[in-house]
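We will go stop by stop.

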Amino acid sequence: MADDAIRCDACPVLCYIKPGRTGSCDRYANADGKLIRIDPHVVLERAVERGDTLVPFLEKTSDWDGTLLNGERTFVTAIGAGTTYPDYKPAPFIISSQVAGVDMVTVVTEGIFSYCGVKLKIDTDRHLGAECSTVRSQGQAIGHVTTSEYGSQMVSLGGVRHLTGGTRHEGTATCDALLNLCNGKAVELTVDSGAAIVAQANQPPIFDGVREERMRVGCGSATIGMFAKQWFGKVDEVVVVDDHITGVLSEHQAGKLLGVPETGIKMQGRRTTPGRYFQVAEPGTSWGGTNIDDPLSVLDPFDPDVARPGLRLLMVSTTGEHRAYFELDETLTPVEKDLPEPLARSVERIRENCEPALCTVLFMGGAGGSLRAGVTENPVKLTHSVGKALTHVTCGGAPVYVWPGGGITFMVDVSRVPANAFGAVPTPALVAPIEFSLRLSDYAALGGYMDSVKPLPSIKREDETRRRISAHANNPWPLAPERDRK
Ligand code: SF4
């Protein structure tokens, strides 16, 4: 090793870095013999009061001008702050400030997360793949399809098994996908025996090359309930085709209460409760998340003792994307006709009530491990303090949800975290910012590194790479009293 190389000990890789070069993660460099963190350290400025959302996030991004910071309006994030690794040393920044007359401290560190992943919510009815199907990126298994939710397909990506338990390629592909998703970039994913999608935080999903427009208004049964009154008198029967619960107006309780007469309709699938059918078709990417292109394929012949020629039938999907109108001929066979204007308006109303389809990316990380030792000499006390809500956890200043129970397992919506806040190291693991804010007296009580506490005004132009940006207008101020964070 060249004599002038220096060793970076900010993660387990322990790179030797020559002058003018960067380490394997491109996050640290050797600048004239000094180890520097390349990315700017981010400080949030409280630009607007809550409720005033006129200043878009990042609009006020500017280079640091060296002004001393105002404690009520400035929050030191962990983005670009550096890590505690190998974890016995105090966090890179332990900052005291006064908030509403209370002495507070914020402990700031970038965490190296081998135990982390992404929960990806994809607003669509289209069938992504069977539950537990493997999800791949760059051909490598990086996660699986998990339980779908109301109007959304859910995917669980990453986790320690994919990051560390498979081949090096699997770990690297997993880390790349997580990093890109968390930093708001588009990622191509394929599902075994399922769809190919492009997912990107806060953007519509793209399914097999088709951009999804809207999520469903509800299941088939809910759609009947919502729109029954608008259909009453304008059509004799409505079937809302849905992969999960297909609704039939004349049999549904909503139709019964309105006095819709029986029509003699016969459905395929399994009738559960009146007007609600399961499994009318196989899952797919067509009508209502089923595999059917011909809606009549979910019907059996009408009951000749009840049905009559001329009976009017509307079939529609849960997004209004698919619709067809039929009238029965003399043989009680449905014949497709143009959609009458009043029914077209009702279909348009379904579409109007559908929200735009988006991908939502939640980063989920376990902070209950060694990084706690950078906060306190007695790590479990930090866990207890977070559990009792004495310590407030944020990720780049963004609010997080901390799971109840053991450890410090948190989730954050990456779209509320400043841009490019996430990094990676080739162990492989993700690097994510995390801040712990608490009363100074509570910090002392949990065995904090009181000798390392520095007042907020000490953060000034000591480092050219520090940067201040406006806080996300929709995020609660991270140092606000708890009652104001709701
Ligand atoms: S991978 Fe990055 S953080 Fe880890 S030792 Fe190398 S330069 Fe440092």
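## Aromatic stops and the whole chain

Select F113, F363, F410 and F422. Together they form one aromatic cluster. Keep in mind that this is a predicted model.

How many aromatic pairs does a search of the whole structure find? It finds seven. Take one of them next: select F227 and W231, a tilted aromatic pair. Their ring centres are 6.0 Å apart, with 45 degrees between the planes.

Now show helix α3, residues 220-231. F227 and W231 are four residues apart in this helix, so about one helical turn separates them. Are they buried or exposed? Both F227 and W231 are buried.

Next, look for charges over rings. Select R37 and Y28. The charged end of R37 sits over the ring of Y28, 5.6 Å from the ring centre. Then move to R216 and Y150. Here R216 lies over the face of Y150, at 5.8 Å from the ring centre.

Zoom out to the whole chain. Colour by secondary structure: there are seven helices and 35 strands. The C-alpha atoms fill a box of roughly 90 × 50 × 40 Å along the principal axes. Of the 486 residues, 50% count as buried.

The accessible surface comes to about 21,700 Å², and 49% of it belongs to carbon and sulfur atoms. Last, colour by charge. The chain has 49 positive and 59 negative charges, and their mean positions are 6 Å apart.

Conventions:
Residues are numbered from 1 along each chain as its sequence is written. This is a predicted model: local features need pLDDT of at least 70, side-chain atom pairs count only at pLDDT 80 or more; totals for chains, interfaces and linings use all residues. Side-chain values use heavy atoms; hydrogens and water are left out. Helices (H or I, at least four residues) and strands (E, at least two) are DSSP runs, numbered from the N terminus. Buried means under 20% relative accessible area, exposed over 50%, partly exposed in between (1.4 Å probe, protein chains only). Accessible areas come from the Shrake-Rupley method with a 1.4 Å probe; for residues, only the protein chains shown count as cover. Lys and Arg count as positive and Asp and Glu as negative; His and the chain ends are not counted. The place of a charge is taken as NZ of Lys, CZ of Arg, CG of Asp or CD of Glu. Rings of Phe, Tyr and Trp (its six-membered ring) pair if their centres lie within 6.5 Å; planes under 30 degrees apart count as stacked, over 60 as edge-to-face and the rest as tilted. A charge sits over a ring if NZ of Lys or CZ of Arg is within 6 Å of the ring centre and within 35 degrees of the ring normal.
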